[in-house]
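Please keep the model open while reading.

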Amino acid sequence: MCKKVVTKINEILQPIQQYSQPFKNIEDLRHLIKKASKAKYALLGEATHGTAEFYTIRAEISKKLISEYGFSFIAVEGDWPSCYEVNRYIKGRSNYTDAREVLSQFQRWPTWMWANEEIIPLIEWLKEHNQSKQEEEKVGFYGIDVYSLWESMEAIIAYLQKINSPDLEKAMQAITCFQPYNKRPEQYGMSAAFLGESCREEVLELLHSIMSKRKQYLEENRENYLNLQMNGIVSKNAESYYKTMLTDDTESWNIRDHHMVEALEIIRHFYGEEAKGIVWEHNTHIGDARATSMEQEGIVNVGQITREKFGSQNVYAIGFGTYKGTVIAAEKWGDPYKIMNIPEAQKNSWEEQLHRVGAFNQTFIFTEDNRRFFNQIIGHRAIGVIYDAAYEQYGNYVPTKVSERYDGFIFVDQSTAVTPIAFNAETSNHG
């Protein structure tokens, strides 16, 4: 039985040789970029949260999509409030002196995901790109994750105070409800899930009030309203996420990914119906869950939801992978980061077979003509912010039909860790 499975897996070696293309620079990816440019959403993945090449390659692809094909925004797997500071910086609306300084806003663990050296050139490029643009043409940068409950509540209050809004009282009632939990999600989750002491009613009332006054807030400033609206939606969905995370991992994951798609829809609507967006997230989010073992677990993700909601023709997902190298990760949640070795990929995994064909960087475009060669189930490596190479074979390979999960794929044979930016404990706060 094992021998038969291995023989079947090895049958993809010849198609890999036939359909993969080596790449050394961004020009070698031009055909893949052109394919992605036809979609409304170009989803750019990563196999880890701490690999330099994944950041630099995605940055170069994003520049091409923006400068040559008119994409309007980048949405990333990050917190809305911190990413919004980057958005303000690249649009010339903040007092930060440079990208390194604005990245000091990323203080929630794992900070290295966005506070790293590799992202700096893209941020400065976006700022320069926007300088010659009219306000409505400026490219945006937004975080679409769900974790920033307290930060989003604080941002709401700060803005409502600034404009002397009548909704300030409702916002104060909502944040007061959360105060006993000392910004500790597990404490709120425990209370809401097991004791029935929820703040959901207060959050929903605040969001409803904000949405009902949409016209008045839009008259104040369109993007300020987008910021207010999104912080309200983060608060609503984060409350659900934290209430669920202790009792149902699957449901909490699904809440998170549905939130990301909701955020994408709102951002794209802000830029107009013809707008196109670029999404940076882990492969586990952007690759269609139906082509993995996630489906059997009842898990959905951004890749699946966007294809179902907007149509497969409007979504182009590019996965990323590596054979071996180094990565920034931690041994436990909240621990200091380390540079860790990524061992050679498991025998007969997707990454190992790519390496077996050739120890060089490769790219794929999956088409109607070749998808059938790559739609068998194969192990595909995934590394998160917590990693232990010694136990990799037990939990870091997702059974995957690669050509159904992605529309394209980028393989970095030997990769290196990102370079986190070290900040002083005390950083100035710019408005």
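The buried residues of helix α16 pack against β2, α14, α15 (283–286), β6 and α19 (402–405), where contact means heavy atoms within 4.5 Å. Buried denotes under 20% relative accessible area, exposed over 50%, and partly exposed in between, with a 1.4 Å probe and protein chains only. Helices (H or I, at least four residues) and strands (E, at least two) are DSSP runs, numbered from the N terminus.

The model is predicted: local features need pLDDT of at least 70, side-chain atom pairs count only at pLDDT 80 or more, and totals for chains, interfaces and linings use all residues. Residues are numbered from 1 along each chain as its sequence is written, and side-chain values use heavy atoms, with hydrogens and water left out.

Helix α16 spans residues 302–310, and seven of its nine residues are buried. These are Val302, Gly303, Gln304, Ile305, Thr306, Arg307 and Phe310. After the helix comes glycine 311, with a positive phi near 95°.

Two strands pair if DSSP finds at least two bridges between them. Strand β6 (residues 315–329) pairs with β11 in the parallel sense over seven bridges, and glycine 325 stands opposite serine 415 in β11. Strand β8 (residues 362–365) also pairs with β11, here in the antiparallel sense and over four bridges; phenylalanine 364 stands opposite phenylalanine 409 in β11. Strand β11 itself (residues 408–415) is mostly covered, with seven of its eight residues buried.

Strand β2 (residues 41–44) and β5 pair in the parallel sense over four bridges, with leucine 43 opposite valine 279 in β5. Strand β3 (residues 73–76) likewise runs parallel to β5 and is joined to β5 by four bridges; here phenylalanine 73 stands opposite glycine 277. Which way do the residues of β5 (residues 277–280) point? Gly277 and Val279 point one way and Ile278 and Trp280 the other way, and all are buried.

Helix α14 (residues 249–271) also has helix α13 (residues 222–244) as a neighbour: their axes come within 9 Å and cross at roughly 170°. Axes are lines fitted to C-alpha atoms, for helices over the stretch in contact, and angles run from 0 to 180 degrees between N-to-C directions. Angles under 35 degrees count as roughly parallel, over 145 as roughly antiparallel, 65 to 115 as roughly perpendicular and the rest as oblique. The helices α13 and α14 are therefore roughly antiparallel to each other. Among the contact residues are Leu226, Met230 and Ile233 of α13 and Ile255, His259 and Phe270 of α14. The residues of this contact divide into ten nonpolar, six polar and six charged, where Ala, Val, Leu, Ile, Met, Phe, Trp, Tyr, Cys and Pro count as nonpolar, Asp, Glu, Lys and Arg as charged, and the others, Gly among them, as polar.

A search of the whole structure finds one disulfide, defined as a pair of cysteine sulfur atoms within 2.5 Å. The bond joins cysteine 177 to cysteine 199, with an S to S distance of 2.1 Å. Because cysteine 177 lies in helix α9 (residues 168–178) and cysteine 199 in the loop between α10 (185–194) and α11 (200–212), the pair ties together parts that are 22 residues apart in sequence. The torsion about the S-S bond is about -90°, so the disulfide is left-handed. Both cysteine 177 and cysteine 199 are buried. Cysteine 83 counts as buried because its relative accessibility is 0%.
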